[in-house]
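The points are grouped by topic, beginning with the chain as a whole and moving on to single residues.

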Amino acid sequence: MLSDRDYFVIEVGEGPLDYPALFGNQNPVYIEIGSGKGEFISQYPTYHPEHNFIGFEVRGKRINNILKKLGPEKNPNVRLANLMVDGKIREFLPLSSVQGAFIQHPDPWPKKRHHRRRLINQEFLNSLAAVLLPDAFVQVSTDHLEYAAWIVREFTGNPLYYSVYEDHSVDHPVLDEHIVTWFEQEQKRLGYPPRYMMFKKK
Ligand SMILES: C[S@@+](CC[C@H](N)C(=O)[O-])C[C@H]1O[C@@H](n2cnc3c(N)ncnc32)[C@H](O)[C@@H]1O
């Protein structure tokens, strides 16, 4: 019998992932980048059994945490990859293959000298656009106001995307089934409510 790790954790190697081989079906694929402790990736896909989800998380310890929240019966449409996502995303996901991307509370790297470590930059957005289908969405949330403004600037300054909301970032959740992640809960408790953003690929 497969262990949960063998069932859920996929290897990302050379060449694009083969979704039908991973999931055993041709259903639409969504990705989450920075799954953290796994609240979103363990819950949201249960509302959408007709979709497949891949959660990317760079920290191995967090993958262990997420695995505790997943089970093959409850989450047959979820897979995890222990990987740092960056501008190379188009090298391991098939081009024009992703229906939507969720990025909840990406690390803000607040110090100016660390800004170059931020996930959201033009190289990443261009590469992400290559794997997104036309009209696919990117949902982003952050409680860090300066990073929120940075994210809006990066997306609206990129000709491959448009912002769904006229004001670009809003103070209410933008998904029908909003999952409060660990980080969102913690930051709210400390007095930092999130901003929510939704962009689409043109
Ligand atoms: C601030 S936490 C937020 C976690 C979760 N999304 C939440 O809202 O509770 C950021 C998470 O993203 C992971 N992470 C940061 N950069 C990443 C990257 N480039 N690729 C994959 N995971 C990343 C971190 O290890 C961490 O678990």
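The radius of gyration used here is taken over C-alpha atoms, and the rule for a globule is 2.2 Å times the number of residues to the power 0.38. The model is a predicted one, and for its 202 residues a compact globule would have a radius of gyration near 17 Å, so the 16 Å of the chain agrees with that expectation.

**Overall build**

- The secondary structure of the chain consists of 8 helices and 8 strands, and along the principal axes its C-alpha atoms fill a box of roughly 50 × 35 × 35 Å.
- Of the 202 residues in the chain, 35% are buried.
- When contacts between residues at least 6 apart in sequence are considered, 80% of them join residues at least 24 apart.

**Strand 1 and its two partners**

- Strand 1 (residues 29-33) is mostly covered, with 5 of its 5 residues buried.
- In a regular strand the side chains alternate between the two faces of the sheet.
- In strand 1, Val 29, Ile 31 and Ile 33 point one way, while Tyr 30 and Glu 32 point the other way, and all of these residues are buried.
- Strand 1 runs parallel to strand 2, to which 5 bridges join it, and within this pairing Ile 33 has Phe 56 of strand 2 as its bridge partner.
- Strand 1 also runs parallel to strand 4, here with 4 bridges; Ile 31 is partnered by Ala 101 of strand 4, and Glu 32 is partnered by Phe 102 of strand 4.

- Besides its pairing with strand 1, strand 4 pairs in the parallel sense with strand 5 (residues 132-142) over 6 bridges, where Ile 103 stands opposite Val 140 of strand 5.
- A right-handed β-α-β unit is made by strand 4, helix 6 (residues 122-131) and strand 5.

**Surroundings of the ligand**

- There are 19 residues around the ligand, and those that come nearest are Gly 34, Gly 36, His 105, Thr 181 and Phe 183.
- Strand 2 (52-57) and helix 8 (182-189) are the elements that give two or more residues to this shell, and helix 8 provides the largest share, 3 residues.
- By residue class, the shell around the ligand divides into 8 nonpolar, 5 polar and 6 charged residues.

**Backbone angles that deserve a check**

- Most residues other than glycine have a negative phi.
- Trp 109, although it is not a glycine, has a positive phi of about 40°, and this residue is found in the loop between strand 4 and helix 6.
- His 168 has 18 C-beta neighbours inside 10 Å, and so it counts as partly exposed.

Note on methods
Residues are numbered from 1 along each chain as its sequence is written. This is a predicted model: local features need pLDDT of at least 70, side-chain atom pairs count only at pLDDT 80 or more; totals for chains, interfaces and linings use all residues. A residue is buried if 20 or more other C-beta atoms lie within 10 Å of its own, exposed if 12 or fewer, and partly exposed in between; C-beta atoms are placed from the backbone. Two residues are in contact if their C-beta atoms, placed from the backbone, lie within 7 Å. A residue is near a molecule or strand if its C-beta atom, placed from the backbone, lies within 6 Å of it. Ala, Val, Leu, Ile, Met, Phe, Trp, Tyr, Cys and Pro count as nonpolar, Asp, Glu, Lys and Arg as charged, and the others, Gly among them, as polar. Two strands pair if DSSP finds at least two bridges between them. A crossover is right-handed if, with the strands pointing away from the viewer, the path from the first strand over the helix to the second runs clockwise.
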